[in-house]
Amino acid sequence: FLTGHRGGRLLDLGCGRGEFLDGFSRQGFRVTGFDRARSGEGTSAPLVIGDYERDGLPFEDASFDIVFNKSVLEHTLDISGLLAECRRILRPGGRLISLVPDWKAQWSHFYDDWTHVRPFTLTGLDECLKCHGFDVHTAEARLPSALKRYKLVRFSKEWMLLAVADR
């Protein structure tokens with residue numbers, strides 16, 4: 001899902017500690033992180049702090065080739081606003097890569113994280129992205145171990161849903 005995009009500008013939306021930023025940078029991407037709070041002190045990548053639900057994303061239109069997010073959508077009250085912002089900042093043909101917890105695999109403890117507001121099934125994630133104007137290429141359930149082989153992540157054992165969609 002990254003082939004053909006290397007060297008492009010990548011936004012890690014909800015970058016947290018910055019592990020993905022460093023991994024994507026090693027893969028040849030020009031990375032920028034965005035989060036609600038500064039927690040990525042371990043990365044040298046540029047970090048932008050803000051509240052995407054309140055203020056949108058503070059980037060120019062069509063300024064990114066890829067918008068990546070892991071464990072963000074399930075925390076978002078205004079999913080329509082956020083996905084509209086992602087479409088706005090993606091260049092035409094740009095790619096959205098989203099990972100969210102798999103509701104079917106984790107329903108018994110999903111709400112143990114009190115900040116979770118929106119569970120997703122595979123069908124729900126696929127339909128959500130399509131309804132917001134994205135062309136979904138891949139929607140599948142997986143463990144993050146597939147990402148570990150690319151040295152993008154070294155933690156997390158939860159079942160995730162992966163969606164890859166183009167603008």
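A pocket, on a 1 Å grid over the protein atoms alone, is an open set of points where a 1.4 Å probe fits, with protein on both sides within 12 Å along at least five of seven lines; lining residues have an atom within 4 Å of a point. Its volume is the space filled by probe spheres set on the points, with grid points joined across faces, edges and corners.

This is a predicted model, in which local features need pLDDT of at least 70, side-chain atom pairs count only at pLDDT 80 or more, and totals for chains, interfaces and linings use all residues. Residues are numbered from 1 along each chain as its sequence is written, and side-chain values use heavy atoms, with hydrogens and water left out.

The largest pocket has a volume of about 510 Å³. It is lined by 22 residues, and Gly14, Asp35, Lys70, Ser71 and Val72 are the closest to its centre. Helix H1 (19-26), H2 and S4 each supply at least two lining residues. The lining divides into seven nonpolar, seven polar and eight charged residues. Here Ala, Val, Leu, Ile, Met, Phe, Trp, Tyr, Cys and Pro count as nonpolar, Asp, Glu, Lys and Arg as charged, and the others, Gly among them, as polar.

**Fold**

The protein has six helices and seven strands. These are DSSP runs numbered from the N terminus (helices: H or I, at least four residues; strands: E, at least two). From the N terminus on, the order is β-α-β-β-α-β-α-β-α-α-β-α-β. Contact means heavy atoms within 4.5 Å. Among contacts between residues at least 6 apart in sequence, 62% join residues at least 24 apart.

**Burial and cores**

Buried residues make up 48% of the 167 residues. The cut-offs are under 20% relative accessible area for buried, over 50% for exposed, and in between for partly exposed (1.4 Å probe, protein chains only).

In helix H3 (residues 79-89), Ile79, Leu82, Leu83, Glu85, Cys86 and Ile89 are buried. Seen down the axis of H3, these fall within an arc of 155 degrees, so they line one face of the helix. The arc is that of the directions from the helix axis to the C-beta atoms. An α-helix has 3.6 residues a turn, so residues three or four places apart point the same way. The cover over the buried residues of H3 includes strand S1 (9-13), helix H2 (52-55), strand S4 (64-70), strand S5 (90-101) and helix H5 (122-131).

A nonpolar core is a set of buried Ala, Val, Leu, Ile, Met, Phe, Trp, Tyr and Cys residues joined through side-chain atoms within 4.5 Å. The largest has 27 residues, and Leu13, Val67 and Leu129 have the most contacts inside it. S1, S4, H3, S5, H5 and strand S7 (160-166) each give two or more residues to this core. H3 gives the most, with five residues. Another core lies apart from it, with 17 residues, among them Phe24, Phe29, Ile97 and Val164.

Leaving aside neighbours within four places in sequence, Leu129 is in contact with Leu83, Leu96, Phe134, Val136, Ala163 and Ala165.

Glu19, Phe20, Leu21, Gly23 and Phe24 are the buried residues of H1. Gly28 follows H1, and its phi is positive, near 100 degrees. Ser25 lies in H1. Asp78 lies in the loop between S4 and H3. Asp78 counts as partly exposed, at 40% relative accessibility. Ser25 is also partly exposed, with a relative accessible area of 39%.

| C-alpha pair | Separation along the chain | C-alpha distance |
|---|---|---|
| Asp78 and Glu53 | 25 residues | 6.6 Å |
| Ser25 and Ser44 | 19 residues | 9.9 Å |
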